[in-house]
Amino acid sequence: MYSALLATALTGFTIVNAQAPGAPLPVPGVTGRLGDAEIVDDNVAGVTYTAFLPNRTTSDLRGYVAGTSNANGTGVNFAISVSGFPDPSLGPFMYHIHDQPVPSNGNCTATLAHQDPYIRGEVPPCDPTHPETCQTGDLAGKHGNVTGDPFNTAYLDLYLSTHQGPASFFGNRSIVFHTSNATRLNCANFTLTSGNSTSSNGTSSGGNGTVTGSNPVPSPFTGGAAATFVSAGAILAGLTAFLL
């Protein structure tokens with residue numbers, strides 16, 4: 001029986017780690033190394049952060065992504081209006097909140113990886129039917145890729161914060177749009193356009209830490225796929241020891 005269980009576990013982890021190349025599918029049950037994302041329920045109403053895509057000679061992509069705290073304090077309402085995408089053959093086009101802001105030279109690569117306080121990694125892809133298991137910054141993964149040009153959409157995301165302090169706060173980060181092969185088309189920093197982001201409705205951790213009233217320092221990027229692989233390997237090693 002133990003041999004059968006171990007064989008099943010090995011098969012499962014092979015599937016998870018085989019998702020890196022190509023276009024893999026979501027794997028049910030995959031979550032962050034620190035668990036599922038927490039619902040943020042202490043946002044102060046009326047706080048808006050907006051990222052305006054700048055003019056670039058290398059891209060025709062223009063528009064904005066705005067996130068406004070929900071009136072009841074739970075989650076963030078996003079409104080997105082973007083146009084100027086390149087040839088559809090380069091899609092599907094995706095967009096995410098990235099860990100670091102865009103530097104003064106406009107280099108989108110310097111924004112590093114997706115906002116990911118629960119250390120989930122990008123592989124396997126987000127399962128939109130279980131958004132709590134996704135990277136907090138994976139907006140396209142949770143709510144869908146770009147569906148047309150112009151692209152206009154709106155939705156509520158329960159796992160992001162407009163309050164400075166928790167790691168789920170996105171106001172000091174950036175938005176990045178890219179092609180299916182991860183080429184970054186355009187990017188912009190979020191800036192406060194309405195309300196007060198330093199007040200809070202409560203003490204919800206809202207993403208891996210209590211509210212402190214100051215911006216979090218994003219953790220260094222070490223590679224989403226590598227983090228997933230290490231986590232899976234550690235779990236598998238423990239399971240092997242137990243079964244044997």
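In the predicted model, isoleucine 175 is in contact with Ala51, Leu53, Val65, Tyr95, His96, Ile97, Leu139, Asn186, Cys187, Ala188 and Phe190, when its neighbours within four places in sequence are left aside. Ile175 also belongs to the largest nonpolar core, a set of 29 residues, and is listed with Phe78, Tyr95 and Phe177 as having the most contacts inside it. Two or more residues of this core come from each of β1 (48–53), β3, β4 (94–98), α2 (139–143), β5, β6 and β7 (184–194). Strand β3 gives the largest share, four residues. In soluble globular proteins, nonpolar side chains tend to be buried together.

These elements belong to a protein chain with three helices and seven strands. Read from the N terminus, their order is α-β-β-β-β-α-β-β-β-α. The protein chain has 244 residues, of which 45% are buried. Of the contacts between residues at least 6 apart in sequence, 69% join residues at least 24 apart.

Aromatic rings form ten pairs in the model. In one of them, phenylalanine 78 and phenylalanine 170 lie 5.5 Å apart, centre to centre, with 45° between the planes, and the pair is tilted. Phenylalanine 78 is in strand β3 (residues 76–83), whereas phenylalanine 170 is in the loop between β5 (151–157) and β6 (174–178), so the pair ties together parts that are 92 residues apart in sequence. Because its relative accessibility is 2%, phenylalanine 78 counts as buried; phenylalanine 170 is likewise buried, at 0%. Both rings belong to a cluster linked by ring pairs, which also contains Tyr49, Tyr155, Phe169 and Phe190.

Two disulfides are present. A disulfide is a covalent bond between the sulfur atoms of two cysteines. One joins cysteine 108 to cysteine 187, with an S to S distance of 2.1 Å. Its torsion about the S-S bond is about -90°, so this disulfide is left-handed. Cysteine 108 lies in the loop between β4 and α2, and cysteine 187 in strand β7; the bond therefore ties together parts that are 79 residues apart in sequence. Cysteine 187 is also among the contacts of isoleucine 175.

Cysteine 126 and cysteine 134 form a disulfide with an S to S distance of 2.0 Å. This link is right-handed, with 70° about the S-S bond. Cysteine 108 and cysteine 187 are buried, as are cysteine 126 and cysteine 134. With the bonded cysteines numbered in sequence order, the pairing is 1-4, 2-3.

How values were computed. Residues numbered from 1 in each chain as written. Predicted model: local features only at pLDDT ≥ 70, side-chain atom pairs only at ≥ 80, totals over all residues. Heavy atoms only, no water. Buried < 20%, exposed > 50% of the residue type's maximum accessible area, 1.4 Å probe, protein only. Contact = heavy atoms within 4.5 Å. Phe/Tyr/Trp six-rings, centres within 6.5 Å; stacked < 30°, edge-to-face > 60°. Core = buried A, V, L, I, M, F, W, Y, C linked by side-chain atoms within 4.5 Å. Disulfide = S-S within 2.5 Å.
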